[in-house]
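Work through the exercises below with the structure open beside you. Try each task before reading its solution.

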Amino acid sequence: MTSTITLSGVGKSFRGVRVLDGLDLAVPRGSVFALLGPNGAGKTTIINILSTLVAPDAGTAIVAGFDVVRDAEEVRRRISVTGQSAAVDEMLTGEENLRMMARLSGLGRVQAVERSRELLAQFDLEGAARTRVGAYSGGMRRRIDLAISLLRTPPVVFLDEPTTGLDTRSRQELWRIIRRLAVGGATILLTTQYLEEADQLADRIAVLDHGRIVAEGTPAELKARIGGEVLSVHDAAGAVLRDIPIDGSIQGLRDALATVGTADATSVSLRSPSLDDVFLAVTGQPAPARTDAELIDSKG
Amino acid sequence: MTTTDRRPAYVPLPRLAPLVAESTFVRRSLLHTVRTPDALIMAIALPVILMLMFTFVFGGAIDPGGDYVNYVVPGIVLLCAGFGAASVAVDVASDITTGIIDRFRTMPLRASAVITGHVVASLARNLVATAIVVSVAVGVGFRPTASPLEWLAMFALVALYILAITYLFAAIGLAASSPEAANGYGFVLLFLPYISSAFVPVDTLPTWLQWIAEYQPLTPIIETIRALLLGADVGPTVWAALAWCAVILVGAVGWTGWLFRRRAGRR
């Protein structure tokens, strides 16, 4: 299996703070690869290095056969990027944004108009086509941003937290688009804090914590790493007090139950492990709880 | 893999034909101008109001003969170019802070063409503004005696000045930490015409101020425009005017390039 994206020993510090620490990563051609991690884990820095915005301090990064430092121009011809801060022109309408970006992507005038119309329809923005993007809601901005990055589909697509700020319906629509891109043969690297998203979309997942990859594999492999079952302990109101991974044996269940105090705990249930459990198992800390405030200013 | 491979061949983006990025960015900047008509109207209205003030309110005191409008028009033209070009500082600072330049940087194009777009749009915008200001001046009694060739030379010099000061504002936009700061820094430049021969002859100023007014770049440019419009002998000031414009333009282009690499280069 050939790799479309390869990072070898990539390190990066900003003002003395080490963000990436000797990172190795290989993304197979035509796969969906998810970088999963909390804010500040280094996800966006990886995307910035791969999309030629940031130079690594150490190591090499290859995208579609070209070095991101030496052959930046060739890399740029082969990638499309959607960042966290939707970089769109607020003074222009949605339609004008798309047409401008289409021209800058090398489409002719007529093609640019046609492709823009298609994408406005696909992203349910036809009604807002003639409205300035500055007046768009957060979800609409996300959608126009994504539409821009899909004007043309180069071989490699980077999506930095693509569904942050999207409602459920838009999220599902985007997942559908990502899957279709992957079927089409594009290599997709996405970052996410949504564990469910990585599970749903990715062929492979790398769990990132403090600039290092702490676990990597298929969703099934990662889940397998923490054993067969999870024992959830609930209080009288049904809220989960603790999740205890167990190996599926009766003795394991007995041992786990022995650690449960009976002060608050009133009931238990067994479930399959989720990626949240994976995160806890490999990083030693729970996956960060997401609040609305974090969703707005997440700059991980 | 089955026998039917449905994968379309995803191909690299083409290299853009020459000037496609530049013309797209010029179009973008002109659209910005159309979207913010208040900025354009203010950039024309303010110099016109100043011209009317100087002509009708102060003019009688400065030149009791009533010829003051003929004296003040060249200064007003430069003032207008300054007001018009100042918005480029804010445009450039906004582009840097919103991150749209980062998006352009991930595409196979010269990202600094976005600055070129702002500059060319500013040139077009300000030449129109200059024509409007001169027309209004004629309406209130300005009587230029320039030949067609002298008009052409006048507009060429004004265009060169607009280009130079626009690049200076673009650099200020790149140097500023925010669009608001860019607006503030840019404001300082707009005071230069007042300490020049724009509104009063230099020899009426206090000696120390005379020295500044005599040797600052705007005075030879204003004197040259004045000579061209009123059919006087241009003399050697034209070389001083051209030299100043060239020095400012080259310096500002270099400064802009350096700042662009720092603000929008690889970090």
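This is a predicted model: local features need pLDDT of at least 70, side-chain atom pairs count only at pLDDT 80 or more; totals for chains, interfaces and linings use all residues.

**Exercise 1. Give the strand order of the open six-stranded sheet in chain A, and find its edges.**

Step 1. Trace the sheet across its strands. The order in chain A is β6-β7-β8-β3-β9-β10. The pairing is mixed.

Step 2. Look for strands that pair on one side only. These edge strands are β6 (79-82) and β10 (212-217) of chain A.

Step 3. From one strand to the next, it averages 15 degrees.

**Exercise 2. Classify the packing of helices α3 and α9 of chain B, and list the residues in contact.**

Step 1. Get the geometry. Helix α3 (residues 68-98) and helix α9 (residues 218-229) of chain B pack at about 125 degrees. Their axes are 8 Å apart.

Step 2. Apply the cut-offs. Roughly perpendicular covers 65 to 115 degrees, and roughly antiparallel needs an angle over 145. α3(B) and α9(B) are therefore oblique to each other.

Step 3. Assign the hand. The crossing of α3(B) and α9(B) is right-handed.

Step 4. List the contact. α3(B) supplies B:Val73, B:Pro74, B:Gly75, B:Val77 and B:Leu78. α9(B) supplies B:Leu218, B:Ile221, B:Ile222, B:Ile225, B:Arg226 and B:Leu229.

Step 5. Sort by class. The contact of α3(B) with α9(B) has nine nonpolar residues, one polar and one charged.

**Exercise 3. Work out what chain B brings to its contact with chain A.**

Step 1. Count each side. Chain B gives 26 residues and chain A gives 30.

Step 2. Find the elements on the side of chain B. Those giving two or more residues are α1 (20-35) and α4 (100-105) of chain B. The largest share, seven residues, comes from α1(B).

Step 3. The side of chain B that touches chain A has 13 nonpolar, five polar and eight charged residues.

Notes
Residues are numbered from 1 along each chain as its sequence is written. Chains are lettered from A and ligands numbered from 1 in the order in which they are written. Two strands pair if DSSP finds at least two bridges between them. Helices (H or I, at least four residues) and strands (E, at least two) are DSSP runs, numbered from the N terminus. Axes are lines fitted to C-alpha atoms, for helices over the stretch in contact, and angles run from 0 to 180 degrees between N-to-C directions. Two residues are in contact if their C-beta atoms, placed from the backbone, lie within 7 Å. Ala, Val, Leu, Ile, Met, Phe, Trp, Tyr, Cys and Pro count as nonpolar, Asp, Glu, Lys and Arg as charged, and the others, Gly among them, as polar. Angles under 35 degrees count as roughly parallel, over 145 as roughly antiparallel, 65 to 115 as roughly perpendicular and the rest as oblique. A crossing is left-handed if the near helix is turned anticlockwise from the far one by less than a right angle, and right-handed if clockwise.
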